Amino acid sequence: MKILLFLLLATTMWGQKTSQGVVSRVIDCDTYVVLVNSFRGSPQLITVRLVNVDCPELASIPKRKPAQEYGQSAADSVRNLIEGENVDLTYYGLDYFGRVIAFIRIGGVRLDDILLSRGWAWYYKDYHGHKAYKNGQKLMEEAKTKKIGLWAYPNPIKPSIYRK
């Protein structure tokens with residue numbers, strides 16, 4: 001059903017699976033609400049999950065878990081960078097939660113590369129259509145070496161482990 005919905009939206013709203021939009025809201029470091037124009041020109045709000053990254057978790061009320069170290073700081077940093085900004089999107093599909101999985105470029109630069117190089121995220125190949133992307137791991141390792149962002153903390157825990 002979700003795939004059918006995505007295909008319907010992709011053909012009516014995005015045509016060639018790319019579009020431009022404005023970031024309306026940063027939900028967390030790797031998930032955003034973006035206002036895009038549909039095929040007919042009427043604006044649509046979509047929730048987008050960025051490819052190639054997994055960011056520290058924010059507080060979870062249902063699971064009664066506090067935010068991960070650096071989670072709020074990473075989200076705030078991304079918010080300051082992209083909220084209200086024009087972005088280019090390239091879509092890959094829908095995830096389990098119904099979010100659109102997409103590349104995002106801001107000013108021609110890949111947002112996943114920015115997050116990884118600034119130490120705001122882990123490289124996470126599960127959210128990508130082409131799992132052979134090698135630059136993500138390299139950017140993450142460089143941030144680790146520089147001990148910037150989440151890598152400044154002594155023992156950062158991957159969000160995939162923290163969520164369990």
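Hi everyone, thanks for coming. Before anything else, please keep in mind that this is a predicted model.

Let me start with helix H2, which runs over residues 71–82. What do its end C-alpha atoms tell us about the span of H2? With 12 residues at 1.5 Å a residue, H2 should span 16 Å, and its end C-alpha atoms are 17 Å apart, which agrees. Now, which residues of H2 are buried? They are Gly71, Ala74, Ala75, Val78 and Ile82. Looking down the helix axis, those buried residues fall within an arc of 95°, so they line one face of H2.

If you'd like one row to click through on your screens, take Val34 in E2: its bridge partner is Val23, and in E3 its bridge partner is Ile46. How enclosed is E2? Five of its seven residues are buried, so E2 is largely enclosed by the rest of the structure.

Next, the two ends of H2, beginning with the loop that leads in. Between strand E4 (53–54) and H2 there is a loop that holds Glu57 and also Tyr70. Is Glu57 buried or exposed? Its relative accessible area is 19%, and because the cut-off for buried is under 20%, Glu57 counts as buried. Setting aside neighbours within four places in sequence, Glu57 is in contact with Ala67, Gln68, Gly71, Pro159, Tyr162 and Arg163. One of these contacts, Gly71, is also on the list of buried residues of H2.

As a reminder, most residues other than glycine have a negative phi. Tyr70 is buried as well, at 12% relative accessibility.

There is another non-glycine residue with a positive phi, Lys147, with a value near 55°. Lys147 sits in the loop between helix H4 (135–146) and helix H5 (159–162). Is Lys147 buried or exposed? At 59% relative accessibility, Lys147 counts as exposed.

Back to H2 and what comes after it. Gly84 follows the helix, and its phi is positive, near 85°. Then we have Glu85, in the loop between H2 and strand E5 (86–94). Glu85 is partly exposed, with 38% relative accessibility. Beyond its neighbours within four places in sequence, Glu85 is in contact with Gly21, Val22, Val23 and Ile106. Gly21 is 64 residues from Glu85 in sequence, yet their C-alpha atoms are 8.3 Å apart in space.

Last topic: the aromatic rings. How many aromatic pairs does the structure hold? There are four, and I'll show you two of them. Tyr92 and Phe103 form an edge-to-face pair, 5.4 Å centre to centre with 65° between the planes. That pair links distant parts of the chain, with Tyr92 in strand E5 and Phe103 in strand E6, 11 residues apart. Tyr92 is partly exposed at 28% relative accessibility, whereas Phe103 is buried at 11%.

The next pair is Trp122 with Trp151. Their ring centres are 5.3 Å apart and their planes at 70°, so this pair is edge-to-face. It too joins distant parts of the chain: Trp122 belongs to strand E8 (residues 122–123), Trp151 to the loop between H4 and H5, and 29 residues separate them. Both Trp122 and Trp151 are buried.

Terms used:
Residues are numbered from 1 along each chain as its sequence is written. This is a predicted model: local features need pLDDT of at least 70, side-chain atom pairs count only at pLDDT 80 or more; totals for chains, interfaces and linings use all residues. Side-chain values use heavy atoms; hydrogens and water are left out. Helices (H or I, at least four residues) and strands (E, at least two) are DSSP runs, numbered from the N terminus. Buried means under 20% relative accessible area, exposed over 50%, partly exposed in between (1.4 Å probe, protein chains only). Contact means heavy atoms within 4.5 Å. The expected span of a helix is 1.5 Å times one less than its number of residues. The arc is that of the directions from the helix axis to the C-beta atoms. Two strands pair if DSSP finds at least two bridges between them. Rings of Phe, Tyr and Trp (its six-membered ring) pair if their centres lie within 6.5 Å; planes under 30 degrees apart count as stacked, over 60 as edge-to-face and the rest as tilted.
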